[in-house]
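Biologist: I would like to learn how to read pockets and cavities in a model. Could you take me through them?

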Amino acid sequence: MDISGDGGVTLKANWIAPAGDGRHPVIVFPSSWGLNDAEYLAQAKILAGKGYVVVSYTPRGWWFSGGTIDTAGPLDMADLSRVLDWTIANTPADATRIGAAGISYGAGISLLGAGADKRIRAVAALSGWSDLVYSLYSGNTRHLQSSGLLQLAAQLVGKPSPELTRMLGDFNGNTNVEQIKAWGRARSASTYLSAINANQPAVLLANGWGDSFFPPNQLTDFFGKLTTPKRLELRPGDHAIAELTGVLGLPNDAWQSLYDWFDHYLAGTDNGIESRPAVHIDPLNADGESYPTWSALAGTTRRYGLGKIRLLDGTGLLGGAVSSGWTKKLPTDKDTVANGGVVLLTNGASAITGQQPSIWLPFVDRGRAGVWAAERPSRAQLIRGVPKVHLELSGAADTGTLVTYLYDLDNLGNAKLITHAPVTWLSRTSSVDVDLFATAYDLPAGHSLTLVVDTVDPLYYDENASGGSVTVTGGSYVDVPLR
């Protein structure tokens, strides 16, 4: 059916309800970026069978809905409220038991909606964001591949608004950055945290460790500040990969959590989810674990100092006390085989295969990258949380970018990617700090924790001058959270 959104814009939608009389709890699904209301048909049928009225709709500017893309802005919030109005008036909905859910764009709209409309009593945000500025500029670095795919989808099956077109143009051209960030903050649930906390919806957040659109660090920060009933789940995979089979109606852990969440907080089922530990993680190479808080993942933090590069193999020691008196010069426009992969595909494939993306470490050109390898421990090292890298620099230009990678190196030179992150500076500096993307990984006994630093990664724009260089110096280190 058609639902009239804000200003009379037509929103294409469908709904399904349980058989029988009476009022039922409601779940509203805004569709994902680039998709439409047919996205949730399989899940709508399952949820209707469980007793829910389910309404899914195509946000403005996409496919056959009217208007132009608002990117989860104020018009999308007004549309969501109009959809709730329509649902209460035209379906057997219980207006006191309304939930909102979705994947990606639908997750973002739902989470933002929980601050904008008090009628939303529960949210399940799968592969969503809480901070759009971080999603675009984490490490002060523009994300090239993810933003490019979002722009392509908007051009193919959407109607970009003049505002979105301008913002994407400025983003690609690296102009009017503060305007872009203000636009992003207006579309970030973190901006409306106090309203969400005041409304007290039950909030379920679920994402992938390797989400190349919405890296998980933003969610862990946001989760810690929520004072609502809440749950955080992190699984292997890239953006929307963990939920993919569930969209087809197949058994799926993320969707099972959604069922349990709404069954308790909307349908009133006593399933015990409210008493489970609030954080559940599936590490990249270990069985699932649960914790009362995000900070409980790691018991200690170990500092690994970066040491002098050996002439024999071009590698330095990672570990021991932070040392001085050494330098490692890196060219600013030369890539290596160390990289974060291809958006969606690399981490998506690793979630399916159970194998992290890997390189053969001897292929990393030591003339283009710094490499530091730790001694091989006799016991497994359980990495949990956000590793942090501090690099002392000399000879840095006014602007520049470095990319840091943390690997699991075996005895044959095979290096599996544990996590990575870029960092960019926009004024002359003598050091940089970068929070790597949150991870959970068991480093096997006898394997070496290995750091690679270079200056180019196809996932990101960089701010390096061609033909320049930057030198990493003594005083640099990595802090690794360990359980």
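Biologist: Which element gives the largest share of the lining of the largest pocket?

Modeller: Helix H5 does, with three residues. Before we go on, this is a predicted model, where local features need pLDDT of at least 70, side-chain atom pairs count only at pLDDT 80 or more, and totals for chains, interfaces and linings use all residues. Residues are numbered from 1 along each chain as its sequence is written, and side-chain values use heavy atoms, with hydrogens and water left out.

Biologist: How should I read "pocket", "lining" and "helix"?

Modeller: Rolling a probe the size of a water molecule over the atoms shows where empty space is left. On a 1 Å grid over the protein atoms alone, a cavity is a set of points where a 1.4 Å probe fits but cannot get out, while a pocket is an open set with protein on both sides within 12 Å along at least five of seven lines; lining residues have an atom within 4 Å of a point. Helices (H or I, at least four residues) and strands (E, at least two) are DSSP runs, numbered from the N terminus.

Biologist: What lines the largest pocket?

Modeller: It has 16 lining residues, with Trp33, Leu35, Ser104, His239 and Ala240 nearest its centre. The space amounts to about 370 Å³, a volume being the space filled by probe spheres set on grid points, which are joined across faces, edges and corners. Helices H5 (144-157) and H10 (244-247) each supply at least two lining residues.

Biologist: How many cavities of 30 Å³ or more are there?

Modeller: Two. The largest holds about 310 Å³, and Trp33 turns up again, alongside Thr71, Leu132, Leu136 and Leu150, among the residues nearest its centre. H6 (162-173) gives the most to this lining, four residues.

Biologist: What about the second largest cavity?

Modeller: Its volume is about 270 Å³. There are 24 lining residues, and Trp209, Gly210, Asn347, His420 and Phe437 lie nearest the centre. H5, helix H12 (345-353) and strand E19 (414-425) each give two or more residues to the lining, with the largest share, four residues, coming from E19.
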